[in-house]
Amino acid sequence: AGVGPADHAAAGTLAAAFAAYEAARRRSVESLQRAAQASLQWFEDTERYFRLEPVQFGFSLLTRSLRISHENLRERDPAFVDRMDRWVARQAEVQAGLTIAENEAAQGIDRAAADRSPPPPLFTPFRLRDLVLVNRVGVSAMCQYSADDGTVDDWHLVNLGSRAIGGAGLVMAEMTAVGREGRISPGCAGIYADGHVGAWRRLVGFVKRFTSARVGIQLGHAGRKGSTRLDWEGPNEPLEEGAWPIVSASPIGYFEHSPVPAELDEAGMEALIAEFERSTEMAVEAGFDMVEIHMAHGYLLASFLSPLTNQRSDRYGGTLENRLRFPLRVVDAVRSLWPDDRPLSVRLSAVDWWPGGNEPADAVEMARALKAHGCDIVDVSTGQTVPFQQPRYGRQFQTPFADRIRHEVGIATMAVGNISSFEDVNGIIAAGRADLCLMARAHLWDPYWTRHAAYALGYPLPWPSQYETLDNYTPRFGSAAGAYGPDTGDE
Ligand SMILES: Cc1cc2nc3c(=O)[nH]c(=O)nc-3n(C[C@H](O)[C@H](O)[C@H](O)COP(=O)(O)O)c2cc1C
């Protein structure tokens, strides 16, 4: 944004000119500095990438600032990007155990005979145990606060169903409570009562019958962040009426004005494990393809992991090994009932964004322990542990943590957080920063995100038969630069 002489004249004083300059320039300078920092960090961590094949090492190096995209590189050196994409496709064939041609045929993709181009990295398959996803895009778990005593309904069916029609390879159902008192709010989804299996089965059945997406469920317990209002009535604000008792690793309220949770005791732990077990069995019955245990964002299991919320002096507090003890018991319980051929994921907060909290190096150790306990993929988020956190937002701001865990632990990761363009996804997959990319808000904005990415990339993903006419339709949405809404600094 320019600050012209007229602005200075209008402002009159030097001080006002500096203030105007500051207001106009700070955001882009900070963005540039974040890019420089990401680049610097790459060089600090170069050893991490030594084992990459030269072509991927080169791609990772060139895109290290997270600002030079796959498409930018294509403009500069199409042959290099073509070589990169062929390499990614070949790796995906080996990893997924099926050919690109087979993966494309399964989606009804009909290539022209002469078309030998590799699929964009986003459109390569990925396997976790016996689950094969058709592409690398996932809809991140998003609470809808629209359930009745945990029972999901038409809103959830249409919400996830339309995003599955939209082409994402994986759709994650929202955080789903393992018990009534494990809900965040009275509107949160659950899988603990009669009727819940049937309600979920309807949704899962729709997705699998009509789309090529696969469906995961995120099991969780809200801990000290439970018994709160619907998000749009005040995030994390305690319920005034109809509140229920809350538990956490230690008796520390979320806000000063939040109720103080009871410290979870051994009997409470046993009861909670039994809830996770029941919910796992129900999730199997409902037909979910993947289960994810929510250990992030300050909820119950996360409250054990972070020293900011865990001040116990028993064997569940103190060292990281102790803080992991109860969450790992939950993983063992879920894994033992979850079918061997289906993958288990865990969502972690890789950093607490507050001094004394978990740091990325702790997350690496957590991921290592999770892997040893049968976790197949880590869903790498951050923060939301304490309300006074100081996160450093920015484009793909959590992706470096997914990259670090993937390389240092040797476990598959999902990157999430301010990933929004197909260029972001192609870049993350090609560089090997993560195996899957989850997007939350981008999918609220555009349920058909993946189909629109295919269109923009010239990838021949067909529309469902019901919408077949669109295969010969040219969208003209309008060209007005419609910038509205708050300036979120998401640069
Ligand atoms: C409406 C909404 C609901 C969310 N609910 C959940 C949830 O149930 N579980 C969870 O782990 N994260 C939840 N999140 C966080 C997202 O999954 C995601 O990590 C975050 O929005 C960052 O991704 P984005 O930049 O693509 O939006 C939610 C986010 C939004 C916007």
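## Buried aromatic residues

A residue counts as buried when its relative accessible area is under 20%. In this predicted model, Phe123 has 1% relative accessibility and is therefore buried. Tyr459, with a relative accessible area of 6%, is buried as well.

Phe123 and Tyr459 form a stacked aromatic pair, with 4.5 Å from centre to centre and 20 degrees between the planes. Phe123 lies in the loop between helix H6 (100-106) and strand E1 (126-128), and Tyr459 in the segment after helix H16 (449-457), so the pair ties together parts that are 336 residues apart in sequence.

## Other ring contacts

The model has 14 aromatic pairs. One of them is the stacked pair of Trp42 and Tyr49, at 5.1 Å centre to centre and 5 degrees between the planes. Trp42 is buried at 5% relative accessibility, and Tyr49 is buried at 4%. Trp42 and Tyr49 belong to one aromatic cluster with Phe43 and Phe57.

Charged groups also lie over rings. The charged end of Lys225 sits over the ring of Tyr299, 4.8 Å from its centre, while Arg451 lies over the face of Trp463, 5.3 Å from the ring centre.

Helix H7 (154-165), strand E4 (170-177) and helix H8 (196-210) each give two or more residues to the lining of the largest cavity. This lining comprises seven nonpolar, four polar and one charged residue.

The second largest cavity holds about 50 Å³ of space. Its lining includes Met295, His297, Asp352 and Thr385, and divides into five nonpolar, six polar and one charged residue.

Technical notes: Residues are numbered from 1 along each chain as its sequence is written. This is a predicted model: local features need pLDDT of at least 70, side-chain atom pairs count only at pLDDT 80 or more; totals for chains, interfaces and linings use all residues. Side-chain values use heavy atoms; hydrogens and water are left out. Helices (H or I, at least four residues) and strands (E, at least two) are DSSP runs, numbered from the N terminus. Ala, Val, Leu, Ile, Met, Phe, Trp, Tyr, Cys and Pro count as nonpolar, Asp, Glu, Lys and Arg as charged, and the others, Gly among them, as polar. On a 1 Å grid over the protein atoms alone, a cavity is a set of points where a 1.4 Å probe fits but cannot get out, and a pocket is an open set with protein on both sides within 12 Å along at least five of seven lines; lining residues have an atom within 4 Å of a point. Grid points are joined across faces, edges and corners, and a volume is the space filled by probe spheres set on the points. Rings of Phe, Tyr and Trp (its six-membered ring) pair if their centres lie within 6.5 Å; planes under 30 degrees apart count as stacked, over 60 as edge-to-face and the rest as tilted. Buried means under 20% relative accessible area, exposed over 50%, partly exposed in between (1.4 Å probe, protein chains only). A charge sits over a ring if NZ of Lys or CZ of Arg is within 6 Å of the ring centre and within 35 degrees of the ring normal.
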